[in-house]
Amino acid sequence: AVVSTQSTGVESQEIPDNAPASCPGPSSNNAGKLDGCAGCPNQKLCSSGEFKSDASPADVKKQLIGVKNKILVLSGKGGVGKSTVTAEIARGLANLDFSVGVLDVDVCGPSLSRIMGVNGETVHRSSSGWSPVYTLDDIAVMSIDFLLSSEEDAVIWRGAKKNGMIKEFLCSVDWGDLDYLIIDTPPGTSDEHLAIVSLFKQSKVNGAVVVTTPQEVALSDVRKEINFCRKLKIPVIGLVENMSSYTCPKCQTQSQIFPATSGGGAALAASENIPFLCSLPLDPLVGRSGDNGLSVLSEAPAAGVSAGYRTLVEQVVEFCKPK
């Protein structure tokens, strides 16, 4: 299924390509409720809630009153491992007996449900809002994945539609009392990022963990993300260099898969005057764990990448302590 924009001749409405001719559009109050909606593969997504949210920063503050700390995971570049870093931060915090929630606001490319081991699950709506899905280690997870009829469905929405979904996630999910809410974002500095920042105006975001890989093609985009944080007054917790090096398990030879031709993450952090949080090696264990919804922290606690994640989590906790 593909959700896209079709012209009706009178106005532009968000109509699924595979919807019946009588489709009222997922923004309609009748979305998913009409007789003609029966059998449509998008019925579950459309009936999940009101997407034309008029939520305000005050609404977000009220809904998240029980959330003590809110952390953004950002990067100007795609493919650097933001979702994996988000998942392992959450699991590392849970290992320290903190109550943790994870919100995936990458509406068009959600992957956290699989990494967290809860893909294929569904959410339920009650008078208090959507109930997040919980992992085996009691981490609350919310993603658009849970609202789709199939994991293979593609969501192709314009900015306003994606922003409406983010508002729903922040104002309609019953997160309850949490020590930390970790928010995984899409790459870049686009509508989704602006929506999040504007909605958090009255509800403090503690800071952002910025993720990069060592090569200059990633660093150049990550510099823009750091500038984005400065312009919008988002505190930067620090920079994580992911996939920094690879060590052969047989001969122990270390290779730079993504050569740090301009000094890598450490040099960027120094030039931008932000903390360099850790360097995470490229380890196949991370990929295998993520594909199976498992944590490398529990699957390979002695691995170098696990030590790096523990260091990262410790610094996040320290940053969020009351000053």
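What share of the contacts in the chain with a separation of 6 or more comes from residues 24 or more positions apart? Such residues account for 74% of those contacts, a contact being heavy atoms within 4.5 Å. The structure is a predicted model, in which local features need pLDDT of at least 70 and side-chain atom pairs count only at pLDDT 80 or more, while totals for chains, interfaces and linings use all residues. Residues are numbered from 1 along each chain as its sequence is written, and side-chain values use heavy atoms, with hydrogens and water left out.

**Confidence and overall composition**

- The average pLDDT of the chain is 86, and 87% of the residues score at least 70; pLDDT is the predictor's confidence in each residue, from 0 to 100.
- Over residues 1–13 pLDDT stays under 50, and the model has 31 contacts beyond four places in sequence for this stretch.
- The chain contains 11 helices and 15 strands, taken as DSSP runs numbered from the N terminus (helices: H or I, at least four residues; strands: E, at least two).
- Of the 323 residues in the chain, 52% are buried. Buried means under 20% relative accessible area, exposed over 50%, and partly exposed in between (1.4 Å probe, protein chains only).

**Nonpolar core**

- The largest nonpolar core has 86 residues, and those touching the most other members are Leu103, Met142, Phe169, Trp175, Ile182, Val209 and Leu312. Helix H11 (residues 304–320) supplies the largest share of this core, 7 residues.
- A nonpolar core is here a set of buried Ala, Val, Leu, Ile, Met, Phe, Trp, Tyr and Cys residues joined through side-chain atoms within 4.5 Å. In soluble globular proteins, nonpolar side chains tend to be buried together.
- Not counting residues up to four places away in sequence, Trp175 touches Leu64, Val67, Gly101, Val102, Leu103, Pro132, Ala140, Met142, Phe169 and Leu181.

**Leu268 and its surroundings**

- Leu268 belongs to helix H8 (residues 264–272) and is counted as buried because its relative accessibility is 2%.
- Beyond its neighbours within four places in sequence, Leu268 is in contact with Leu219, Val222, Arg223, Ile226 and Leu239.
- Leu239 is 29 residues from Leu268 along the chain, with 8.6 Å between their C-alpha atoms.

**Salt bridges**

- There are 9 salt bridges in the structure, each defined by a side-chain nitrogen of Lys or Arg within 4 Å of a carboxyl oxygen of Asp or Glu.
- One of them pairs Lys77 with Asp221, the closest N and O atoms being 3.6 Å apart. This pair links distant parts of the chain, 144 residues apart: Lys77 is in the loop between strand S3 (67–74) and helix H3 (82–95), and Asp221 is in helix H7 (residues 216–231). Lys77 is partly exposed, at 25% relative accessibility.
- Glu192 and Lys162 form another salt bridge, at 3.2 Å from N to O. Their positions, 30 residues apart, are in helix H6 (residues 191–199) for Glu192 and helix H5 (residues 159–172) for Lys162. Glu192 is buried at 5% relative accessibility, and Lys162 is buried at 15%.
- Glu216 forms a salt bridge with Arg223, with 2.7 Å between the closest N and O atoms. Glu216 is partly exposed at 26% relative accessibility, as is Arg223 with a relative accessible area of 27%.
- Through shared partners, salt bridges join Lys77, Asp221 and Lys224 into one network.

**Lys321**

- Lys321 lies in the segment after H11 and is partly exposed, with a relative accessible area of 43%.
- The side chain of Lys321 makes a polar contact with the side chain of Glu318 at 3.1 Å. A polar contact is a pair of N or O atoms within 3.5 Å; within protein, one must be able to donate a hydrogen and the other to accept it, and residues adjacent in sequence count only if both atoms are side-chain atoms.
- Lys321 and Asn69 are 252 residues apart in sequence, and their C-alpha atoms are 9.4 Å apart.

**Backbone with positive phi**

- Most residues other than glycine have a negative phi.
- Met243, although not a glycine, has a positive phi of about 55°. Met243 sits in the loop between strand S12 (236–241) and strand S13 (246–247) and is buried, with a relative accessible area of 17%.
- Asn273, also not a glycine, has a positive phi of about 60°. Asn273 is in the loop between H8 and strand S15 (276–279) and is exposed at 72% relative accessibility.
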